[in-house]
Amino acid sequence: MSTRILIVEDEEPLTLLLRYNLEAEGFEVDAVARGDEADLRLREQVPDLVLLDWMVPGLSGIELCRRIRARRETERLPVIMLTARGEEGDRVRGLATGADDYIVKPFSVPELLARVRALLRRAKPAHVAHLLVAGDIELDRVSHRVRREGRELHLGPTEFKLLEFLMQSPGRVFSREQLLDGVWGHDVYIDERTVDVHIGRLRKAINRPRSPDPIRTVRGSGYSFDEMFAGAA
């Protein structure tokens, strides 16, 4: 069964952006623009995760989150609050109401996807594959081990997270800024060239002489995990 995500957001361009990227990651997506519509939808069918805007019409995100936590069927439903309110008091209020995570607009889509996967891993581990396989590379998210052609590779923690992030979306090109947000986090301020250093370390760790390099450099754009390598038998 695919993982179902409900988007509760009244900004149509943002809803379309989120739907496109979530579906590209293999999630099944439903979307409503009003809080009262979302309340009815949740009574009909419970998704695996909710992306909830604070300021939706009909019923506020805060009140909807309270109702979600008050019902037995949804009391453990993962909720990520989306909002333009970045003040500490608002974040505290959102989390105190029952949101599991809180992300401020404008946000990085790769960071949001990373948070969705992390929350699903904690709440519904069966919905997130613990083993990523691409070509002759296997990455085990539980044991934090990587093997190529059956041989264990030794990666540092940052290189592991970088490889995991790239392997989740074969063929997709990520800019250095997107990789910084997705791997290091949105609130970490480091030079973008740090990405180049860790890509170099990752390549050194996973590639042997004459073995194909799965990491593709896209000049002027960034890096991707080669979809041709990922599809190789």
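Analyst: Two strands pair if DSSP finds at least two bridges between them; strands (E, at least two residues) and helices (H or I, at least four) are DSSP runs, numbered from the N terminus. The model is predicted, with local features requiring pLDDT of at least 70 and side-chain atom pairs pLDDT 80 or more, while totals for chains, interfaces and linings use all residues. Residues are numbered from 1 along each chain as its sequence is written, and side-chain values use heavy atoms, without hydrogens or water.

Strand β6, residues 131-134, runs antiparallel to strand β7, residues 137-140, and four bridges join them. Within this pairing, Leu 132 stands opposite Leu 139 of β7. Leu 132 also belongs, with Ala 134, to the covered face of β6, whereas Leu 131 and Val 133 make up the uncovered face. Two residues separate the strands of this hairpin, and Gly 135 in the turn has a positive phi of about 60 degrees.

Turning to the rings, the structure holds two aromatic pairs (ring centres within 6.5 Å, using the six-membered ring of Trp; planes under 30 degrees apart are stacked, over 60 edge-to-face, the rest tilted). Trp 54 and Tyr 102 are edge-to-face because their planes meet at 85 degrees, with ring centres 6.4 Å apart. This pair links distant parts of the chain: Trp 54 lies in the loop between β3 and α3, and Tyr 102, 48 residues away, lies in strand β5. Both Trp 54 and Tyr 102 are buried (under 20% relative accessible area with a 1.4 Å probe, protein chains only; over 50% is exposed, in between partly exposed). The rings of Phe 165 and Phe 174 have centres 4.8 Å apart and planes at 55 degrees, so this pair is tilted. Phe 165 is buried at 5% relative accessibility, and Phe 174 is buried at 2%.
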